[in-house]
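Hi,

Here is the structure I promised to pass on to you. Have a look at it first, and then read my notes below.

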Amino acid sequence: MKIVPGAVCEAGTSRVNKTGGWRTFKPVYDYDKCIKCKLCELLCPDSSVKPREDGYFEFDYDYCKGCGICANECPKSAITMVLEEK
Amino acid sequence: MTHEMKTDKKNMVVVEGSYAVAHAVKTCRPNVISAYPITPQTHIVEDLSKFMADGEIPNCEYINVESEFSALSALVGSSAVGARSYSATTSQGLELMHEVLFNVAGMRLPIIMTVANRAVSAPINIWNDHQDSISQRDTGWIQLYAENIQEISDMTAQAFKISEDRDIMMPSMTCMDGFILSHVYEPLVLLEQDITDEFLPPFRPERILDPKNPMTFGAFADPHFYTEFRYQQERAMQNSLKKIEDVANEFYDMYGRYFGGLIDEYQTEDADIIIMAMGSIIGTIKDVIDRLREKNVKIGLLKVRAFRPFPAQDIMNVIKDAKVVVVLDKNISLGMNAGALFIETKSVLYNTDIDVPVIGYMIGQGGRDIPMSTIEKIVSDAEEVMRSGIKIESQFTDLKEELI
């Protein structure tokens, strides 16, 4: 991507900002505990919880900022926040 | 080329400096003018409001705002939709705009603003010096300083042309000394409508705000991108160095008037002493030079017309063979005990082969009169520097010790 003078851009270009780089802790699923309740998908403020074909979910680590809301709200404690190693 | 005016005297009229600027703005066919009164700028927007009321500025909105912050913020929107946008201010009003000045430059909006230069508070003072605009030097605005009302009038059209160039797209402040130029009546040729229509094409920016094609201006830029935006702004400023010269030359070809591009020179060819200054003091200095040249003092003047971008190369070319350079500043960087033009001039000489002594004088603060005798005293100091070197590098001028 090339930048445009004046930082003028069309809508939707924030996709190029891979905000996953801001993350300190990353969420990890334990699919044995998951009951497919969709709370994590519903509550994620960055639309970084993506449905899979089998009904479970996965994280989009390009945009997940590691806020931890999903792990905090999961009724089965199926999500663990793991320290990001860089 | 130095200062030249080929215009027929019968075309000249005597008007107030503020009227000359307002007339020039009208002639440039603005689309949006925002106005907030502040002395000594008020006459400019008053005259423009009269033009509006009389229907003399077609296709233009005149917006009364509640502060200078709003005056410039309103123009951010209007300039982004592609409207040629203008305002005028001074002193505390300009300082209140500080945050918006950065936004205008960062969004690359070629807004033109006349600054009727005035001292800053406190203590409150409405008279002229350059502290207000000099304090905004790092905001990304081109800054041009005028010597007389003919130049500030002509400079208005030049500024629109420079700023709106697609390689530049940076805003400009055209600076005139408050009262000394804004309120003086002088003969001049008002900016000619027919030539200006040819000189200044309509404003057609590459990108505009349009509901049919939504865009974000001044979008978020994280550490991955921010540096490159700053680099682009600096590159645009460097591009404007040549553009300011080209536009001044083109203006001369079409209108027959020239007051310098980035700089102007007077009697510098063989000068041992070169005085550097900006604004209306230039006229006084020229009179002093005429008087001293009769006494065979080899003295010349380097008028700095563009302070941003800083014309480092042009200044070096003029002063490289001088024996002493004297810089007069109507401002002070507190804590540095020096004025900005002096500081910048010294800084561009470091790391070069040029080894000329430079001394600085902070002068005319808060409108203190600068008589010819004061300049002559400074010149005699400069002669002493030629004989025995620098004793005081930078100092206040005409300081009244008895008041302290």
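**The sheet in chain B**

Chain B has an open sheet of seven strands, in the order 4-3-5-6-8-7-15, and the pairing is mixed. Before you go further, bear in mind that this is a predicted model. At the edges of the sheet sit strand 4 (61-64) and strand 15 (306-308) of chain B, each of which pairs on one side only. On average, neighbouring strands are turned by 20° against each other, if you ignore direction.

If you want to see how strand 15 of chain B is attached, look at strand 7 (residues 142-145) of chain B: the two pair in the antiparallel sense, over two bridges.

Helix 3 (residues 68-80) of chain B touches strand 3 (32-35), strand 4, strand 5 (85-89) and strand 6 (112-117) of chain B. The direction of helix 3 makes about 165° with that of strand 5 of chain B. Helix 7 (residues 149-163) of chain B also packs on the sheet, and its contacts are with strand 5, strand 6, strand 7 and strand 8 (172-177) of chain B. For helix 7, the angle with the direction of strand 8 is about 170°.

**Where the two chains meet**

How many residues of each chain are in contact? On the chain B side there are 16, and they touch 13 residues of chain A. Between them the chains bury about 1,300 Å², with 66% of that on carbon and sulfur atoms. In chain B, the residues that lose the most area to chain A are Arg207(B), Phe225(B) and Phe229(B), which together make up 35% of what that side buries.

As for polar links, I found zero salt bridges between chain B and chain A, but there are four residue pairs in polar contact, with both residues at pLDDT 80 or more. The elements of chain B that give two or more residues to this side are strand 10 (215-216) and helix 9 (226-255). Helix 9 of chain B has the largest share, with three residues. Sorted by class, the side of chain B that touches chain A has eight nonpolar, four polar and four charged residues.

**Some backbone details to check**

The peptide bond from Thr39(B) to Pro40(B) is cis, with omega near 5°, and Pro40(B) sits in the loop between strand 3 and helix 2 (42-53) of chain B. Another cis peptide bond joins Ser121(B) and Ala122(B), with omega about -10°. You'll find Ala122(B) in the loop between strand 6 and helix 6 (131-134) of chain B.

Then there are the positive phi values. Ser77(A) is not a glycine, yet has a positive phi of about 50°; this residue lies in the loop between helix 2 (69-73) and strand 5 (79-83) of chain A. In chain B, Arg108(B) has phi near 60°, again positive in a residue other than glycine. Look for Arg108(B) in the loop between helix 5 (98-106) and strand 6 of chain B.

Cheers

Key. Residues numbered from 1 in each chain as written. Chains lettered and ligands numbered in written order. Predicted model: local features only at pLDDT ≥ 70, side-chain atom pairs only at ≥ 80, totals over all residues. Heavy atoms only, no water. Contact = heavy atoms within 4.5 Å. Buried area = accessible area lost by both parts, 1.4 Å probe. Salt bridge = Lys/Arg side-chain N within 4 Å of Asp/Glu carboxyl O. Polar contact = N/O pair within 3.5 Å; in protein donor to acceptor, adjacent residues only side chain to side chain. Helix = DSSP H or I, 4+ residues; strand = E, 2+ residues; numbered from the N terminus. Nonpolar A, V, L, I, M, F, W, Y, C, P; charged D, E, K, R; others polar. Pairing = 2+ DSSP bridges. Axes fitted to C-alpha atoms, helices over the stretch in contact; angles between N-to-C directions.
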